[in-house]
Amino acid sequence: MNTQQKIKTLRDELRQHNYNYYILDNASISDYEFDIKLKELQTLEAQHPEFFDANSPTQRVGGAITKNFKTTVHDFRMYSLDNSYSKEDLLDWESRIKKMVDGVIQYTCELKYDGASMNLTYENGKLIRAVTRGDGVQGDEVTANIKTINTVPLQLTGDYPERFDIRGEIILPIEGFLKMNEERIANDEEPYRNPRNTASGSLKLQDSAEVAKRPLECLLYSIKGNNLNISTQFEGLEKARSWGFKVPKEAKLVDSIAAVLDYVAYWDKERHNLPYEIDGVVVKVNNLYQQDELGFTAKAPRWAMAYKFKAEQVSTVLNEITYQVGRTGAITPVANLQPVELAGTTVKRASLHNADQIAKLDIREGDTVFVEKGGEIIPKIIAVDLAKRPNNSVPTIYATNCPECETLLKRLEGEAKHYCPNYHGCPPQVVGRIQHYISRKALDIEGLGGETVALLVKEGLINDYSDLYELTVQQVVPLERMAEKSAENLINGVEASKKIPFERVLFGLGIRYVGETVAKKLAKHYKSIDALMFASILDLVTVDEIGERIAESVVEFFSSEENKHIVERLKAFGVQLEISADKLANQTDKLKGQTFVVSGVFETVSRNDLKKLIEDNGGKVSSSISSKTSFLIAGDKMGPSKRKKAENLNITILSEDEFLHFLK
Ligand code: AMP
Ligand code: ZN
């Protein structure tokens, strides 16, 4: 056998033993023998760098140091999951989705592993990159660290697709976690809090050899890609398993929500016997074609639902109620608590939401309160322990003035929150607005972060977002933690933001209630800031999905001389304040007033492109058929009951060709 063959044989053998041990839980060699073979391979690889393979089993020991983790855009967005907490929630979900898809619905039930999500990309059977979820659109590339995790296959076996993404959760099994802590305590180090945070904290350690020491695992649950030849979620899990991934066997295919509830009840009890922590169950529509029909909301798939186990509760003393001012001036009361351990973290603060909430629960300083932590990061107070209320307790009087600028607070009719009306002078509002303006979904100004904005405002260099465009390198360099290079990046980032399209600038202005979607709608309808500025409330409410509350807020924003002045300045600096000419060229009003439902599989254009075409031409897309539907565009494989419903309601059914022809 020549050296190259020898290396290959060793790699294959080690891979197989690794698989047997970590995935099948069935050791086929002693640790000692494994180490001997690994050393042998290491030696050969060191002598023959020409046979280097980034996915060799020797790469698992780590050693690579990463200083800066590269930001990488996901090929397929990583959505969050909607949560449910009761039988009713699940039944509601079922009736919602039954209106949108045809035929029998089966569900895959899976455990909801409590760790950090990870997207792995494989090409020709080799792991090519591993990226954290990040904000769902882009995450950090942590490949070197992930390669050290033994349950992540570096080389797949069997009949895998040429290229695909697979998603999973990086978890730390309880036993391994306890062992790590034993060692830390023995070394006089602070023990880790809980497995979940330790797992997610491991992903971005700079030294991959350090990650290799931690007994992390990766449990897989979803495959994404094109032409995968997989038709159900459950089949996907089985295939992933056959390619060498660790896919827990607890997943179950069921036929009804009743069976889902049985699964939930079983695992709520049984979870304490699992080797790792779970915080609930994830239910997914099994059929991928049905999943596709259901699609996504802005935040989560409509075809999946997390069921969260009941949250843990503790009681503690509320020391003080303080108030926070947000970017829009909204005031949030905060409970400052006697620190207490809850679900593995120390809780010191809880949100009290608004004045009504405080009044409803009659929450007072000095009270003993029950605190609960659900899926949310910020815990909430659910009740007061009246038996423990001190004798001298006094009812809470809600703040009358802004804690930051002392302006008298206001509360509008029908609104839950108080707000500080000192729009142009209240520091957290001024800073918050600029931070919003530069954020990724708005002007996305690279080289400028939230802290720098606060510093620039504090130093008096900027007072609103239009001032950003007059900043110079000379002004910025003297600031704390700035250098020539970073100052230049900042100025270049500001310059580049002049290319950001109108709809995002509109979102960035930070008009109350004008979020991403509303900004898009307004931009499309009015096409320029000048037209929008002159719109009346009556005119605004005629725009699809724009209600009175939004309309009033827009009018109020542009009634301020100061805001008008800022907008004029933005215009003078060359920021995009109207829809660009080429975009305009593709937009018409041809479908104005018409509502479309798009269903099935299409040939010349994808379903998403069809939807875009409808919207670009002034039409509206809806997900289910009703008497308001004007047209149903039917593709291949559309379910018979949808067609029937459309026929009963006398809705015109168009084929893809007919629709495209109609548009022309
Ligand atoms: P959340 O973070 O509450 O929005 O829940 C979504 C997250 O649950 C996903 O990003 C995954 O990291 C995680 N998760 C854990 N187990 C599963 C599973 N079986 N299927 C899908 N997501 C899961
Ligand atoms: Zn204020």
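Which residues surround ligand 1? I opened the notebook with this, working on a predicted model.

**Entry 1, ligand 1**

I listed the surroundings of ligand 1 and found Ser80, Leu81, Glu110, Leu111, Lys112, Tyr113, Ser117, Arg133, Glu169, Tyr221, Val282 and Lys284. By residue class, I noted 5 nonpolar, 2 polar and 5 charged residues in this shell.

I then looked up polar contacts to the oxygen atoms of the ligand. The side chain of serine 80 has an N or O atom 2.4 Å from an oxygen atom of ligand 1. For arginine 133, I found a polar side-chain atom 2.6 Å from an oxygen atom of the ligand. Leucine 81 takes part through its backbone, with a polar atom there 3.2 Å from an oxygen atom of ligand 1.

Next I checked the cover on the ligand. Ligand 1 exposes 500 Å² when taken alone, and the protein buries 86% of that area.

I also asked which elements give two or more residues to the shell around ligand 1. They are β3 (107-113) and β10 (278-285). The strand that gives the most is β3, with 4 residues.

I turned to ligand 2, a zinc ion, and looked up its protein donors. They are the SG atoms of Cys402, Cys405, Cys420 and Cys426, at 2.2 to 2.3 Å from the ion. Along the chain, I read the donor spacing as C-x2-C-x14-C-x5-C.

What is the geometry of the zinc site? I recorded it as tetrahedral, with angles of 98 to 114 degrees among the 4 donor atoms. For reference, I wrote down that the ideal angle for four tetrahedral donors is 109.5 degrees.

Where is alanine 399 placed? I located alanine 399 in the loop between β16 (380-384) and α12 (427-438).

Alanine 399 and histidine 418 are 19 residues apart along the chain, and their C-alpha atoms are separated by 9.2 Å.

Methods: Residues are numbered from 1 along each chain as its sequence is written. Chains are lettered from A and ligands numbered from 1 in the order in which they are written. This is a predicted model: local features need pLDDT of at least 70, side-chain atom pairs count only at pLDDT 80 or more; totals for chains, interfaces and linings use all residues. Side-chain values use heavy atoms; hydrogens and water are left out. Donors are N, O and S atoms within 2.8 Å of the metal (3.2 Å for Na, K and Ca); water is not among the atoms, so sites may look incomplete. Four donors count as tetrahedral if all angles lie between 85 and 135 degrees; four count as square planar and six as octahedral if opposite donors are over 155 degrees apart and all others between 65 and 115; anything else is irregular. A residue is near a molecule or strand if one of its heavy atoms lies within 4 Å of it. A polar contact is a pair of N or O atoms within 3.5 Å; within protein, one must be able to donate a hydrogen and the other to accept it, and residues adjacent in sequence count only if both atoms are side-chain atoms. Accessible areas come from the Shrake-Rupley method with a 1.4 Å probe; for residues, only the protein chains shown count as cover. Ala, Val, Leu, Ile, Met, Phe, Trp, Tyr, Cys and Pro count as nonpolar, Asp, Glu, Lys and Arg as charged, and the others, Gly among them, as polar.
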